[in-house]
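Trainee: I would like to learn how to read the features of a protein model. Where do we start?

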Amino acid sequence: MKLNEAIEWGRAGRWQDAQVRVSPSNREQWFVMLRDTLQKSFILVDNDDSPIVTADANELLSVIRSLGLKEVTFFL
């Protein structure tokens with residue numbers, strides 16, 4: 001799901017939770033998975049449809065906050 005759309009969904013209260021996971025293609029990077037209130041999962045991507053990944057998982061926390069979520073689960 002594109003970031004701009006995910007922010008709109010967050011404003012509407014459609015997110016159930018967020019998970020930060022290790023990227024399967026690069027074990028030194030992290031990405032965000034979102035689950036909506038209907039239990040459907042989404043990978044968070046930028047506006048060019050590239051997954052938002054980073055080597056510092058803490059950087060993703062501000063993105064998750066912008067979606068209206070206050071809790072996140074990390075999977076190592």
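This is a predicted model: local features need pLDDT of at least 70, side-chain atom pairs count only at pLDDT 80 or more; totals for chains, interfaces and linings use all residues.

Mentor: Start with a term: two residues are in contact when heavy atoms lie within 4.5 Å.

Trainee: Which residues of helix α2 are buried?

Mentor: L60, V63 and I64 are buried in helix α2, which covers residues 59–66.

Trainee: Within what arc do the buried residues of α2 fall, seen down the axis?

Mentor: Within an arc of 100 degrees, so they line one face of the helix. Just after α2 comes G68, which takes a positive phi of about 85 degrees.

Trainee: What pLDDT does the chain average?

Mentor: The average is 95, and 100% of the residues score at least 70. Confidence is lowest in α2, with a mean of 94, and highest in β3, at 98.

Trainee: How is a pair of aromatic rings described?

Mentor: By two values, the distance of the centres and the angle of the planes. In this model, a search of the whole structure finds four aromatic pairs. One of them joins W9 and F42: the ring centres are 5.4 Å apart and the planes stand at 80 degrees, so the pair is edge-to-face, as planes over 60 degrees apart count as such.

Trainee: Where in the chain do W9 and F42 lie?

Mentor: W9 is in helix α1 (residues 3–11) and F42 is in strand β3 (residues 41–43). The two residues are 33 residues apart, and their pair links distant parts of the chain.

Trainee: Are W9 and F42 buried or exposed?

Mentor: The cut-off for buried is under 20% relative accessible area. W9 has 14%, so W9 is buried. F42 also has a relative accessible area of 14% and is buried.

Trainee: What is the geometry of the rings of W15 and F42?

Mentor: Their centres are 5.7 Å apart and their planes are at 80 degrees, so this pair is edge-to-face. W15 lies in strand β1 (residues 15–22) and F42 in strand β3, so the pair ties together parts that are 27 residues apart in sequence. W15 is counted as buried because its relative accessibility is 7%. W9, W15 and F42 together form one aromatic cluster.

Trainee: Which charged residue sits over the ring of W9?

Mentor: R14 does, with its charged end 3.7 Å from the centre of the ring. Another case is R21, which lies over the face of F75 at 4.0 Å from the ring centre.

Trainee: Which side chain does a polar contact join to R21?

Mentor: The side chain of Q19, through a polar contact of 2.9 Å. Q19 is found in strand β1. At a relative accessible area of 18%, Q19 falls under the cut-off and is therefore buried.

Trainee: Which residues is Q19 in contact with, leaving aside its neighbours within four places in sequence?

Mentor: Q19 is in contact with F31, V32, M33, V72, T73 and F75. F75 has already come up as the ring under R21.

Trainee: Where is Q29 placed, and how far is its C-alpha atom from that of A57?

Mentor: Q29 is in the loop between β1 and β2. The C-alpha atoms of Q29 and A57 are separated by 7.7 Å, although the two residues are 28 residues apart along the chain. Q29 counts as partly exposed because its relative accessibility is 26%. Leaving aside neighbours within four places in sequence, the contacts of Q29 include R21, V22 and S23, as well as V53, T54 and A55.

Trainee: What phi does D49 have, and where does D49 lie?

Mentor: D49 has a positive phi of about 65 degrees and is not a glycine. D49 lies in the loop between β3 and β4. Its relative accessible area is 51%, so D49 is exposed.

Definitions and conventions
Residues are numbered from 1 along each chain as its sequence is written. Side-chain values use heavy atoms; hydrogens and water are left out. Rings of Phe, Tyr and Trp (its six-membered ring) pair if their centres lie within 6.5 Å; planes under 30 degrees apart count as stacked, over 60 as edge-to-face and the rest as tilted. Helices (H or I, at least four residues) and strands (E, at least two) are DSSP runs, numbered from the N terminus. Buried means under 20% relative accessible area, exposed over 50%, partly exposed in between (1.4 Å probe, protein chains only). A charge sits over a ring if NZ of Lys or CZ of Arg is within 6 Å of the ring centre and within 35 degrees of the ring normal. A polar contact is a pair of N or O atoms within 3.5 Å; within protein, one must be able to donate a hydrogen and the other to accept it, and residues adjacent in sequence count only if both atoms are side-chain atoms. The arc is that of the directions from the helix axis to the C-beta atoms. pLDDT is the predictor's confidence in each residue, from 0 to 100.
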